[in-house]
Amino acid sequence: MITLYDCATAPSPRRARILLAEKGVAHDTVQVDLRNGEQLGEAYRQINPQCTVPALRTEEGLLLTDNAAITAYLEARYPQPALLGETPAEKAEIASWNWRMEFEGLQAIAEALRNSAPAMANRALPGAVDYPQIPALAERGLMRVGQFFQLLNERLADREFIATDRFSVADITAVVAVDFARVVKHKPGEQHPHLLRWRAAMALRPSMSL
């Protein structure tokens, strides 16, 4: 049985949860308590020395420690529905937009949060190494989040999905980013009608409640 090392309150493992649900893949789940630093403890280090979630243990015993690897594995192992695209053009378009959702969305939010939250002092980056906060990066992150919402609203002005004409991993990453932005007090408003319409449509998918 596949095992997902998860944290119910964190955005990165939510991406893996949604992907597994969309693929219909049965799996076990082990919760890792990030709030209390369980990911840094010796027991979890023995599982994943990178001290991050998600991590996914495959049926063959391989440990995958990031969403890129988890997505690549699940798409290859369970090719339908195709969430990374089917044609060369689709694959390229989805890869490009998924990267943008990560870099311009999730990374911007994390930059704002991890460089400002008192609870993350000296934990400005995830993983086994402590890094100090840089307040200027928090300010820049907030600016980037506003730009990210504008980007999505413009992109969705005349389309149903982020990347191609079908639901893809880019939509998963975008949903998680938009929802995660609440931690830095950002959410779509009336100035983002196309983004709001898309998010409402995404909410109809059962996986999005995870």
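Buried, in this talk, means under 20% relative accessible area. Keep that cut-off in mind. One caution before we start: this is a predicted model.

Let's open with Lys-23. Lys-23 lies in helix α1. Is Lys-23 buried or exposed? Its relative accessibility is 8%, so Lys-23 counts as buried. What does its side chain meet, then? One partner is Glu-75, whose side chain makes a polar contact with the side chain of Lys-23 at 2.6 Å. That pair is also a salt bridge, with the closest N and O atoms 2.6 Å apart. Glu-75 is buried, and so is Lys-23. A polar atom of the Lys-23 side chain lies 2.7 Å from the backbone oxygen of Pro-81.

Now the sheet. How many strands form it, and in what order? Four strands, in the order β2-β1-β3-β4. The sheet is open, and its pairing is mixed. The edges belong to β2 and to β4, residues 63–64. Each of those two has a single partner strand, so one side of each is left without a neighbour in the sheet.

Let's walk through the pairs. Start with β1, residues 2–6, and β2, residues 27–31. They run parallel, joined by five bridges. On the other pairing, β1 meets β3, residues 55–57, in the antiparallel sense over three bridges. Then β3 and β4 run antiparallel, with two bridges between them.

Follow Arg-57 onward, and in β4 you find Leu-63 standing opposite.

Together, β1, α1 and β2 make a right-handed β-α-β unit. Lys-23, our opening residue, is part of that helix.

Stay with β1 for a moment. In a regular strand, side chains alternate between the two faces of the sheet. So which residues of β1 are buried on each side? On one side, Ile-2, Leu-4 and Asp-6. On the other, Thr-3 and Tyr-5. Both faces of β1 are covered. Five of the five residues are buried, so the strand is largely enclosed by the rest of the structure.

Back to charges. How many salt bridges does a search of the whole structure find? The count is 14. I'll pick out a few.

Take Arg-15 and Glu-102. Their closest N and O atoms are 2.7 Å apart, and they form a salt bridge. Arg-15 is in helix α1 and Glu-102 is in helix α4, so this pair ties together parts that are 87 residues apart in sequence. Arg-15 counts as buried at 9% relative accessibility. Glu-102, at 23%, counts as partly exposed.

Next, Arg-140 and Glu-111. This salt bridge has its closest N and O atoms 2.6 Å apart. It links distant parts of the chain: Arg-140 belongs to helix α5 and Glu-111 to helix α4, 29 residues apart. Arg-140 is partly exposed, with a relative accessible area of 44%. Glu-111 counts as buried at 12% relative accessibility.

There is also a network. Salt bridges link Arg-14, Asp-179 and Arg-199.

Last stop, the surface. Which residues make a nonpolar patch there? Leu-125, Val-129 and Tyr-131, over about 270 Å². Where is Tyr-131? It is found in the loop between α4, residues 88–114, and α5, residues 135–155. Tyr-131 has a relative accessible area of 38%, so it is partly exposed.

To recap, look at three places on the model. Second, strand β1, covered on both faces. Third, the nonpolar patch that includes Tyr-131.

How values were computed: Residues are numbered from 1 along each chain as its sequence is written. This is a predicted model: local features need pLDDT of at least 70, side-chain atom pairs count only at pLDDT 80 or more; totals for chains, interfaces and linings use all residues. Side-chain values use heavy atoms; hydrogens and water are left out. Patches are made of residues with over 30% relative accessible area and no salt bridge: like charges are joined within 9 Å, nonpolar side chains (Val, Leu, Ile, Met, Phe, Trp, Tyr) within 5 Å. Accessible areas come from the Shrake-Rupley method with a 1.4 Å probe; for residues, only the protein chains shown count as cover. A salt bridge is a side-chain nitrogen of Lys or Arg within 4 Å of a carboxyl oxygen of Asp or Glu. Buried means under 20% relative accessible area, exposed over 50%, partly exposed in between (1.4 Å probe, protein chains only). Two strands pair if DSSP finds at least two bridges between them. A crossover is right-handed if, with the strands pointing away from the viewer, the path from the first strand over the helix to the second runs clockwise. A polar contact is a pair of N or O atoms within 3.5 Å; within protein, one must be able to donate a hydrogen and the other to accept it, and residues adjacent in sequence count only if both atoms are side-chain atoms.
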